[in-house]
Structure formats: C-alpha cells, structure tokens
Amino acid sequence: MAADPVSDLLPTLVDFLADADQLLCGEQGRWAAGEDLLPSPDSPLDLLLRIRTEAMHTFHALLRVTDDPMAAPAAPILVRQLLECWAHVQWIAEGQSSTLGPTATPEQRAICLELGMAHWLCKNLSASSNESQYEHSKADGEKWVKSVTAEHEQIGCACSGRDFKAVRNSFKELRDRFGMDWPLDTYIAASAASHALMPQRLAHQEGTGLSWGGPASLLDRQNWLARGFTCLINVYLYVIGTLHRPKVGEYDKLVAAAQTEVSRTNRVVVASMER
Ligand SMILES: [Zn+2]
C-alpha cells in the first residue's frame, strides 16, 4: 500500500507504545507480560494492568485498521473500546463525585469495578446455552463472583459493582470538569456504529450520487487515530500514576514527542485536503 501521512505516523506510535509499556512494566519491557510483573499479586490494582493490556491490544488493532483505508471504517468501534478503558482507569484513579464517598480509595474502587465485571460475565454466561461455552466457564465465573464479593464485603461498600453503563457518566463528568466534549460525543456516536445502527456513515458523495462502503478519507483516518491515541495516553497516564511507577516524568516526555508527531500529521492531512 502506498504510504500516506497517516500510515507514515504508525511506526512512531508503535515505538511509543513499546516505550510506554517498558516504563510501566520495568526494564524487561515485555509486551502483555503484566501478570508476572505486578507490584503485588494480591493487589486490587492489578486490574489496572489488565485494562491496560486490553487498551494495548485495541490500540495495535487501531493502528492496523487506520493504515488500510478500506478497513478504516471499523476504527470508531475500536476507539470506543479505548474510551471505555480510559473511563475505567480514570474512575479507579480519581473516582467520580456522584458515586461512592470521597474517602473511597483507588483500591476500593478497583474492587467495585471487578465486582461489576464478574457479575456481568456470569449474567451473560447464564443467558447463553451450554453448547456455546466451555464446560468450566460458568463455574469459573461463579468462583470469580464469590471471591470478589467477599473482598467487596470487606470494604463495606453497598454498591452492586460498577456497571458498564457508568462509562457514560465518566465522560459527562470529564465534559463538565474540563469542557471536553469529544469523548462523550464519540462514545455515543461510535455506539450507534458498533450496534450497526448507522450504515449511512459509510456513504460518500461521488459526483451527483452516493457511493457505499468505499475507502475512508484521510481526514477520518487521522481523526480516529488521534482520538484513539489520546485515549491510550490517558490510560497509561492513570495506570502509571495510580501504581506509583517512578517514571512519570519520562512518560510525559514520551507523550510530548509522540503528540508532536500526531499534531504534525494532522496539519499535513488538513493541508492536503485544502489543496
Ligand atoms: Zn462497591
């Protein structure tokens, strides 16, 4: 495929991800190796590293998808997944004024989120036929609910677990605190796309008619990549900050360098549209 400004940016972002992961997981810098590099195997904050693993894989998928104009219309669905990762880690790190008391700690909130995850897994497995799942899946899910329920009782929280629907509230709060509209707006718009409720987004004006399902525009690809990148850097920021990894300053430098490249590419793309 012929290179273009968005494809040219991809190696920089791959390098950024590898470097950020190395800061998070230590000198070994092994990809997706969080499990055996955890600060404490029993810490509720282990959940942060698992969510970061999810974000890491999703961002890799986003890079590949935005590299290919024909595959790129799937990008908003991946950006939405990254937005959810961002909302979860932000909530663990900072909480939300409308939920739990101000004294709740990140550790406590991580338990509330894990309880929600375990509940939803069991709920979904219970709604599925046995033929569609492994024999041990339900038992594993129930074991998970049992252990995390016990932890949750210990912290004396009365909630029934953070629900995935709370993600929307996280972005509302972000909007109200910082005047940042696009995370909530993108989350809502990409929801319609991921539920296949917005096929008209795949239409392009061509002359006097419409063309369906053609390649995504350069500007769209750049926008999705830039939004996904913003989600990713926030996921890493909250995970590194909450786990008190010592190299936050180095992480900031990495982000600044990568952000410069993303902004430069954006200018190149916008200029090419104006020609
Ligand atoms: Zn709770």
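Mentor: A residue is called buried if 20 or more other C-beta atoms lie within 10 Å of its own, exposed if 12 or fewer do, and partly exposed in between, with C-beta atoms placed from the backbone. The model is predicted: local features need pLDDT of at least 70, side-chain atom pairs count only at pLDDT 80 or more, and totals for chains, interfaces and linings use all residues. Residues are numbered from 1 along each chain as its sequence is written.

Helices (H or I, at least four residues) and strands (E, at least two) are DSSP runs, numbered from the N terminus.

A nonpolar core is a set of buried Ala, Val, Leu, Ile, Met, Phe, Trp, Tyr and Cys residues joined through C-beta atoms within 7 Å. The largest such core has 61 residues, and Leu-48, Val-79, Leu-82, Val-89, Leu-232, Val-235 and Val-239 have the most contacts inside it. To this core α8 gives the most, with 12 residues. Two residues are in contact if their C-beta atoms, placed from the backbone, lie within 7 Å. Beyond its neighbours within four places in sequence, Leu-48 touches Val-89, Ile-92, Ala-110, Val-239, Thr-242 and Leu-243 by this criterion.

The setting is the whole chain, which comprises nine helices and two strands. From the N terminus, the order of elements is α-α-α-α-α-α-α-β-β-α-α. The radius of gyration is 20 Å, close to the 19 Å that the globule rule gives for 275 residues, so the chain is as compact as a globular protein of that length. Here the radius is taken over C-alpha atoms, and the rule is 2.2 Å times the number of residues to the power 0.38. Of the 275 residues, 35% count as buried. Among contacts with a separation of 6 or more, 73% join residues 24 or more positions apart.
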